Amino acid sequence: MVNSAIMDLLVESHGEDTWQKVKSKAGVEDDMFIANGSYPDEITYKLVGAAAEVLDRPAGEILNQFGRWWVLETARKSYGHLMKSGGRNLGEFLKNLPNFHTRVVMMFPKLQPPTFECTDVLPTELRMHYRSHRRGLSAFVIGLLEGLGEMFAVVVTITHEERLDDGADHDVFHIKWSENKTA
Ligand code: HEM
């Protein structure tokens with residue numbers, strides 16, 4: 001599902017040629033990923049690395065763009081109902097995020113989802129703690145959170161306060177939003 005979303009993003013934003021180049025650089029054979037098939041994580045990392053080379057952008061930027069795309073295109077189109085059930089505004093959605101993948105697990109038996117935890121919850125800000133057995137995806141998480149802000153039409157400021165890569169126990173994001181676009 002994630003790999004086919006990467007394919008869609010590349011084809012729609014950069015054209016079929018770019019996707020073909022990325023695919024061959026990554027050494028990926030499949031022309032179509034089965035939407036609910038299970039593939040090794042390695043393929044996703046290879047696709048992101050190859051996209052970074054072909055587009056000459058840092059991998060973090062590709063992951064960020066992909067996170068936003070995933071929320072705004074893939075999730076809204078394919079999981080509209082599930083996304084709607086997550087909350088009526090950003091605050092509600094973020095507070096429900098810790099339970100979100102629990103529901104998704106029922107749809108995907110081999111899922112090894114990340115865990116999220118909210119602390120310091122105030123009306124328009126909170127801290128999101130992200131833990132995963134996968135490495136290197138914090139830029140993807142930031143993209144997803146930015147996409148959620150856009151989905152709810154609010155201005156979001158995300159500060160990556162603690163980083164696993166810098167020796168912290170896990171990644172912590174401080175998220176602050178304003179309900180009014182002009183505020
Ligand atoms: C309808 C909505 C959603 C569905 C169906 C969904 C489903 C999934 C699936 C299938 C995976 C792959 C896990 C695996 O292969 O083991 C995944 C990973 C992930 N999801 Fe979701 N998800 C949804 C919403 C969200 C949202 C809103 C966030 C917001 C932060 C999020 C954050 C992540 C992250 C960061 C990963 C990467 C894997 C990791 O860190 O280990 N997801 N999700």
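1. The largest cavity holds about 50 Å³ of space, and a search of the whole structure finds 1 cavity of 30 Å³ or more. On a 1 Å grid over the protein atoms alone, a cavity is a set of points where a 1.4 Å probe fits but cannot get out. Grid points are joined across faces, edges and corners, and a volume is the space filled by probe spheres set on the points.

2. A word on the basis: this is a predicted model, in which local features need pLDDT of at least 70 and side-chain atom pairs count only at pLDDT 80 or more, while totals for chains, interfaces and linings use all residues. Residues are numbered from 1 along each chain as its sequence is written, and side-chain values use heavy atoms, with hydrogens and water left out.

3. Which residues line the largest cavity? They are Ile 6, Leu 9, Leu 10, Leu 47, Val 48, Ala 51, Ile 62, Leu 63 and Phe 66 (lining residues have an atom within 4 Å of a grid point). Helix 1, helix 3 and helix 4 each give two or more residues to this lining; helices are DSSP runs of H or I, at least four residues long, numbered from the N terminus. The lining divides into 9 nonpolar, no polar and no charged residues, where Ala, Val, Leu, Ile, Met, Phe, Trp, Tyr, Cys and Pro count as nonpolar, Asp, Glu, Lys and Arg as charged, and the others, Gly among them, as polar.

4. Now to the largest pocket, with about 1200 Å³ of space. A pocket is an open set of points with protein on both sides within 12 Å along at least five of seven lines. Its lining has 44 residues, and Met 1, Val 2, His 101, Leu 111 and Arg 134 lie nearest the centre. Helix 6 gives the largest share, 6 residues. By type, the lining divides into 33 nonpolar, 8 polar and 3 charged residues.

5. The ligand takes up the space of this largest pocket (more than half of its atoms lie within 2 Å of the grid points). Around the ligand are 21 residues, each with a heavy atom within 4 Å of it. Those coming nearest are His 101, Gln 112, Tyr 130, Ser 132 and Arg 134. Helix 6 again supplies the largest share of the shell, 5 residues, and the shell divides into 17 nonpolar, 3 polar and 1 charged.

6. Do look at His 101, which is found in helix 6. Its NE2 atom is the only protein donor of the ligand's iron atom, at 2.0 Å; donors are N, O and S atoms within 2.8 Å of the metal (3.2 Å for Na, K and Ca), and water is not among the atoms, so sites may look incomplete.
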